[in-house]
Amino acid sequence: MIHSRRSFIKAAGVSVLAIGAAPAIKAVAASGSGAASLPSKTRRPEAFSAKRWGMAIDCRRMNGDIAGNIVKACRKANNVPDFSHKPDEDKYPGLRPPKKDQELKWIWEESYHHAFPEMEDEFLADKFKSMPFLVTCNHCKNAPCVQACPTRATFKREDGVVMMDFHRCIGCRFCMAACPFGARSFNFRDPKPFIPEINPDFPTRSKGVVEKCNLCAGRLAKGLQPACVEASEGTIVVGDLEDPGSEIRALLKENYAIRRKQELGTEPSVYYIM
Amino acid sequence: MSKNAIIAGLVVFVATALFPFWFNIGGSNAAPEIELSERAKAARYCVLEKYDMRAEHMSLLDEWRDSVVRDADRLYKGTNGKSFNMSLSTGEDSCLGCHTDKEKFCDRCHNFVSVAPYCWECHTTPEEVTR
Amino acid sequence: MLEIAIKGSKKYWIWLGALLTVMAVAFAVYIDQFVNGLMITGMSRDVSWGFYIANFTFLVGVAAGGVMVVIPYYLHDYEKFHRITILGEFLAVASLIMCLMFIVADLGQPTRMLNVLLYPTPNSMLFWDMCVLNGYLFLNIVIGWKVLEAERNQVRPPDWTKPLIYISIPFAIGIHTVTAYLYCGLPGRGFWMTAILAPRFLASAFAAGPAFLILLCYIVKRFTKFDPGWEAIQTLSKIVCYALIANVFFFLCEVFVVFYSKIPGHMSHIQYLFFGLYGHGALVPWMWTSMILMFTGIGLLIVPKFRNNETILPFTCILIFIGTWIDKSLGMISGGFVPSPLHHVTEYVPTFQEVLISLGVLATGLLILTVLFKLATTVKEEVRG
């Protein structure tokens with residue numbers, strides 16, 4: 001009895017192995033044939049490309065109106081929900097009220113004191129005290145969120161953009177703990193009722209995933225500038241930090257610019273021209 | 001004692017295991033007809049052949065999403081030599097850009113086979129937006 | 001062996017029934033969270049981990065604490081622990097299951113959790129945490145079961161359990177070290193970013209785990225015919241004493257470094273916890289309570305008269321257990337998130353639902369613990385009688 005049970009388990013084990021190996025064998029076998037007619041996946045010809053994308057925000061020309069427009073444009077382009085929006089009662093009946101501190105934001109206004117907390121100064125020039133500073137994902141060269149993610153749902157693209165794969169995110173929020181810039185938001189609930197007008201060019205998100213600025217990767221791929229740049233009246237420039245001839249490099253060459261929390265060594269790619 | 005218990009247990013087990021069969025007895029099991037939109041009819045071709053598409057569209061979409069999100073490659077050139085925008089729902093040259101009626105093209109079949117892909121949670125269809 | 005678990009007194013079944021009721025209620029609340037998302041919790045954009053992860057961290061400690069009976073018994077042949085080693089191992093099993101449940105409860109997309117295996121990512125500490133937690137759980141189940149079975153059959157445990165036991169020791173240290181690494185490797189979180197975090201976690205674990213084990217020994221003695229032995233309990237209480245002193249000492253080291261160097265990003269968190277920040281101080285009474293409890297605990301354990309008093313000891317252990325729980329779960333997690341990296345103060349208070357779900361996880365753990373302890377004590381009674 002014991003012997004037959006044992007041999008049965010053995011046989012079963014071998015068969016499971018064989019079934020498991022079949023797809024691999026099939027894949028190897030398939031890779032050898034018909035290479036000529038294989039489909040291809042490429043960039044679109046009109047796509048913008050860079051070695052390392054970066055952003056420069058010209059704080060000298062920034063004001064509350066422009067900053068407000070930028071935040072609005074970003075929300076609209078990326079379907080970022082707005083918890084102050086009143087959801088449609090017919091479409092979403094019986095919704096629980098949103099909690100303000102569970103809100104989502106990709107780019108938003110902060111005062112100097114909060115944008116650069118470790119550079120606080122008793123004798124800070126007056127103009128900086130009232131100035132709005134736009135903060136967003138810094139697309140760090142050494143991104144702590146990328147290092148922390150247990151599924152590579154957040155990852156660094158070759159062109160420097162720190163991306164989120166919403167399909168893969170398990171919602172553990174390790175990246176939120178890891179980010180030193182508070183750039184990440186979590187979908188504590190289904191965001192759709194709080195999107196005033198859904199932009200069909202970009203998917204919304206489901207509950208339970210983390211999101212953040214993706215530098216409008218979808219727009220860059222179509223040869224469009226990020227939504228914030230478009231709304232910025234020239235106060236935001238996005239370009240290739242590794243290209244000495246780029247507009248952003250020219251700006252950084254001529255002006256004094258700072259980055260947030262440089263001392264942490266994450267190498268942010270967002271510069272603030274002071 | 002144990003004999004009866006075993007038989008009763010077996011009956012319950014078999015009945016449970018065969019649940020899908022007896023539950024559907026008498027119901028209609030004719031496969032639904034899907035309707036091509038005018039645009040799709042006019043185009044006469046798709047990313048893959050009809051039968052490949054039927055069997056493989058989910059893995060194709062899975063491949064596409066990795067390609068778009070992770071590799072930034074958004075243009076697909078099929079074995080038939082045509083180019084496609086790798087997108088489920090954004091733009092004229094996306095899947096839904098051509099197959100404009102999601103209800104008649106996607107949902108009928110999905111409902112028939114009882115699958116509820118969560119794609120639609122985020123990739124909203126154009127008409128859902130305008131509605 | 002499992003058949004022992006389905007034969008029990010009326011009290012046993014009432015207790016299990018009560019636990020099952022809590023589990024059922026909590027499960028109903030969890031369904032709400034599963035359907036509607038983590039919006040039902042008190043967590044926020046700024047405090048993105050809360051009660052679940054706090055309890056997870058604490059329970060990893062309780063699990064690791066089991067090694068404090070394994071090391072003396074298996075490495076030093078300390079015979080007095082012979083009777084309670086299995087209790088320590090089974091406590092670790094129950095705690096680890098609770099840990100894993102807390103992690104799952106905290107996920108935004110629990111149905112995708114196997115992505116961690118599908119896309120293994122060695123640079124993420126969470127990946128390693130998953131490996132060591134599951135490894136330690138597996139080891140304890142196998143070891144505990146085989147050793148108990150051998151005891152029941154009155155034979156020596158199979159030889160292959162020996163290497164597993166030795167491996168389980170570094171695993172115990174490993175689970176809590178890696179759990180500390182989740183926190184202490186993050187730039188921009190001054191409260192956690194200290195090399196003392198892992199040692200401090202271990203010290204508090206070796207206090208909380210054995211303190212809980214002492215309480216369990218008392219319960220076992222009261223409700224079964226099995227006596228874990230007063231000498232074993234006394235040795236455990238000394239272990240708790242040393243570990244607790246180490247925990248408080250490590251904390252004071254941290255306080256010195258932070259307040260002598262005066263680096264704001266490191267200071268503000270401890271300020272928030274113990275004195276409040278910009279008028280926000282929800283945790284201030286809790287943190288001072290924790291300190292008082294831990295110092296009282298040290299006092300009661302250091303003086304032999306109190307430590308050797310069979311009536312006082314369980315109360316001392318309760319004080320210590322609560323004190324370390326506040327210190328490590330409430331303070332450690334909220335403290336790290338407040339103030340936020342942008343120096344905003346968003347306070348965290350768990351919601352009723354969140355606490356209920358947590359109670360459900362604890363009830364599940366206690367259920368498993370009860371069944372396992374029932375096996376262990378019944379086998380030991382059988383063998384002796």
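In which helix of chain C is Thr377(C) found? Thr377(C) is found in helix H14 of chain C, which covers residues 352-384, where helices (H or I, at least four residues) and strands (E, at least two) are DSSP runs numbered from the N terminus.

This is a predicted model, in which local features need pLDDT of at least 70 and side-chain atom pairs count only at pLDDT 80 or more, while totals for chains, interfaces and linings use all residues. Residues are numbered from 1 along each chain as its sequence is written, chains are lettered from A and ligands numbered from 1 in the order in which they are written, and side-chain values use heavy atoms, with hydrogens and water left out.

Thr377(C) counts as buried because its relative accessibility is 4% (buried means under 20% relative accessible area, exposed over 50%, partly exposed in between, with a 1.4 Å probe and protein chains only). Leaving aside residues up to four places away in sequence, Thr377(C) touches Val220(C), Thr224(C) and Phe226(C), a contact being heavy atoms within 4.5 Å. Phe226(C) is 151 residues from Thr377(C) in sequence, yet their C-alpha atoms are 6.0 Å apart.

In chain A, the secondary structure comes to 9 helices and 11 strands, and 53% of the 274 residues count as buried. Of the contacts in chain A between residues at least 6 apart in sequence, 68% join residues at least 24 apart.

Aromatic side chains form another theme, with 31 aromatic pairs found over all chains; rings of Phe, Tyr and Trp (its six-membered ring) pair if their centres lie within 6.5 Å, and planes under 30 degrees apart count as stacked, over 60 as edge-to-face and the rest as tilted. The pair Phe249(C) and Phe250(C) is tilted, because the planes stand at 45 degrees, with the ring centres 6.0 Å apart. Phe249(C) itself counts as partly exposed, at 49% relative accessibility. One aromatic cluster is formed by Phe174(A), Trp49(C), Tyr183(C), Trp192(C), Phe201(C) and Phe337(C).

The table gives two cases of a charge over a ring (NZ of Lys or CZ of Arg within 6 Å of the ring centre and within 35 degrees of the ring normal).

| Charged residue | Ring | Distance from ring centre |
|---|---|---|
| Arg205(A) | Phe166(A) | 5.4 Å |
| Lys102(B) | Trp120(B) | 4.7 Å |

In chain B, Ile6(B) has its place in helix H1 and is exposed, with a relative accessible area of 53%.
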